[in-house]
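Q: I have a new model open. Can we walk through it together?

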Amino acid sequence: MASEETRAVDTRTAMSPTERDTPTPVGASETTTLDKGPARAWATRLVVAGIVLSAVNLRPAITSLGALLEEVRDGLGMSGSVAGLLTSVPPLCFAVFGVMAPRLARRFGPAAVVCAGMAAIFAGLLIRPYAGGTAGFLAASALALMGIAVSNVLMPVIVKRWFPDRVGSMTGLYSMVLALGTSLPAAVTVPMTHALGGNWKLGLAVWAVLAAAAVVPWIPLVREGRERPAPAARSAKAQAKAPAQTPASARAAEEQPPLRITRSRTAWALAVFFGLQATAAYITMGWMPQIFRDAGVSAGTAGLLLAVTMVMGVPLAFVIPRIATRLPHQGPIVLVLGVCGLAGYAGLYLAPAAGAWAWALLLGIANCAFPLALTMVGMRARSGPGVAQLSAFAQSTGYLISIPGPLLVGVLYQHSGGWGLPIALMAGLMVPQMVVGVLAGRDRTVEEEAAAR
């Protein structure tokens, strides 16, 4: 008996503070809980690796193509209108396929769906350069974007389930890696293609290797059935607020019928906020270099300015979610980001060349509304299924909202012959973004609002 007690104490000492402080669920023995400790630690490390590798694959399909768009057009004989359609395909696919993610997650589990999503990205990136025509290129791109769409929606769900007491830090981690995955292909695809002999097909296909690596960590989790963390993974804060759950009650909580998410005002506010920040991001990525070039900045410098704007998201994407989770209301962060955006647009209008680096920095800060939106998705719902529904609704609706923005900027630029009206549109959209962001940042959950109406 003494040896058993000593072994129990030693094992418990090796646990993390969260594991030690978490009560054993009703109906589970202490031995069972302790035996699961090493396996759960192994699974958690796999989840972290899966999150990081998945996040880095959520944008290369888009930004690597943008870097070689002229070569792709020439190689496929693609018209300008079809090329314009190609740049609008990502948000459309995100909106259409993202809606499917919660249903797929309920049927197969979030980890299995993300694993399949990474496999779809791998297949799409590998096939599309060699598909043999514009139609095949578009179809393979849509396959990759489908994998990105479902993974976009389910990443907050996986963070909420496995790290309920570290939503801010884990969201910051994958937002930071996502920002790296956005800027890296834009910067290295062209020189890498030159190093590979100038073959644009190989320059695009090489990114499939990164997607293949992202499949690997999810396979053991799916095969071993470790889709969800053990009961001891619940945070101490959550345990203090709610009574201990039996395994049956935990399963019942996961199997609640879907929320009527459209009844929640917070869900609508978050969806519009997501859509407006995505609009600003796509306009920035698509048109900011041209604004600087028309102001007399060289093409090379304009590209560097865009890179600066995108790289700003790397450190801030890690910091902002951590701050957001410590505040009862995220409205102040929304306002700070919005003011930076307004200042950046004002600078682009008044002195685009003279203060180019300052405006690039300010707009890079403003674009960090994206990790903030992802963090609020995890905070505005109590349960994993609730996060899945909210994430799907906010992202799908938001990406639909974002589709017309870059196209409208192009129309205004073409018909006005300058950047005054397009920049006024960008600044004008920042105002409602700040308003709905403040509404979405209020301390409430979509479950409360859906049940109250």
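Q: Is arginine 444 buried, partly exposed or exposed?
A: Arginine 444 is partly exposed, because its relative accessible area is 32%. Buried means under 20% relative accessible area, exposed means over 50%, and partly exposed is in between, using a 1.4 Å probe and protein chains only. One caution: this is a predicted model, where local features need pLDDT of at least 70 and side-chain atom pairs count only at pLDDT 80 or more, while totals for chains, interfaces and linings use all residues. Residues are numbered from 1 along each chain as its sequence is written, and side-chain values use heavy atoms, with hydrogens and water left out.

Q: What does arginine 444 form a salt bridge with?
A: Its partner is glutamate 449, and the closest N and O atoms are 3.8 Å apart. A salt bridge here is a side-chain nitrogen of Lys or Arg within 4 Å of a carboxyl oxygen of Asp or Glu.

Q: And glutamate 449, buried or exposed?
A: Glutamate 449 counts as buried, because its relative accessible area is 11%.

Q: How many salt bridges does a search of the whole structure find?
A: It finds two. Arginine 382 and glutamate 448 also meet in a salt bridge, at 3.8 Å from N to O. That pair links distant parts of the chain, 66 residues apart. Arginine 382 sits in the loop between H21 and H22, and glutamate 448 is in helix H25, residues 446-452.

Q: How accessible is arginine 382?
A: Arginine 382 has 53% relative accessibility, so it counts as exposed. Glutamate 448 is at 43%, so it is partly exposed.

Q: Zoom out. How many helices and strands does the chain have?
A: The chain has 25 helices and zero strands. Helices (H or I, at least four residues) and strands (E, at least two) are DSSP runs, numbered from the N terminus.

Q: How much of the chain is buried?
A: Buried residues make up 50% of the 453 residues.

Q: What share of the contacts joins residues 24 or more positions apart?
A: They account for 81% of the contacts with a separation of 6 or more. Contact means heavy atoms within 4.5 Å.

Q: How accessible is cysteine 115?
A: Cysteine 115 has 12% relative accessibility, so it counts as buried.

Q: How many disulfides are there?
A: The count is zero. A disulfide is a pair of cysteine sulfur atoms within 2.5 Å. Cysteine 340 is in no disulfide, and its nearest cysteine sulfur, that of cysteine 368, is 9.5 Å away.

Q: Aromatics next. How many aromatic pairs turn up?
A: The whole structure has seven. Phenylalanine 274 and tyrosine 399 pair edge-to-face, because their ring centres are 5.3 Å apart and their planes are at 80°. Rings of Phe, Tyr and Trp (its six-membered ring) pair if their centres lie within 6.5 Å; planes under 30 degrees apart are stacked, over 60 edge-to-face, and the rest tilted.

Q: Where do phenylalanine 274 and tyrosine 399 sit?
A: Phenylalanine 274 is in helix H16, residues 265-294, and tyrosine 399 is in helix H22, residues 384-402. They are 125 residues apart. Both are buried. With Phe94 and Phe370, these two form one aromatic cluster.

Q: Where is glutamine 330?
A: Glutamine 330 is in the loop between helix H18 (313-324) and helix H19 (331-350). It is buried, because its relative accessible area is 0%.

Q: Which backbone oxygen lies 2.9 Å from a polar atom of its side chain?
A: The one of alanine 324. A polar contact is a pair of N or O atoms within 3.5 Å; within protein, one must be able to donate a hydrogen and the other to accept it, and residues adjacent in sequence count only if both atoms are side-chain atoms.

Q: What about threonine 375, where is its place?
A: Threonine 375 is in helix H21, residues 369-379. A polar atom of its side chain lies 2.8 Å from the backbone oxygen of proline 371.
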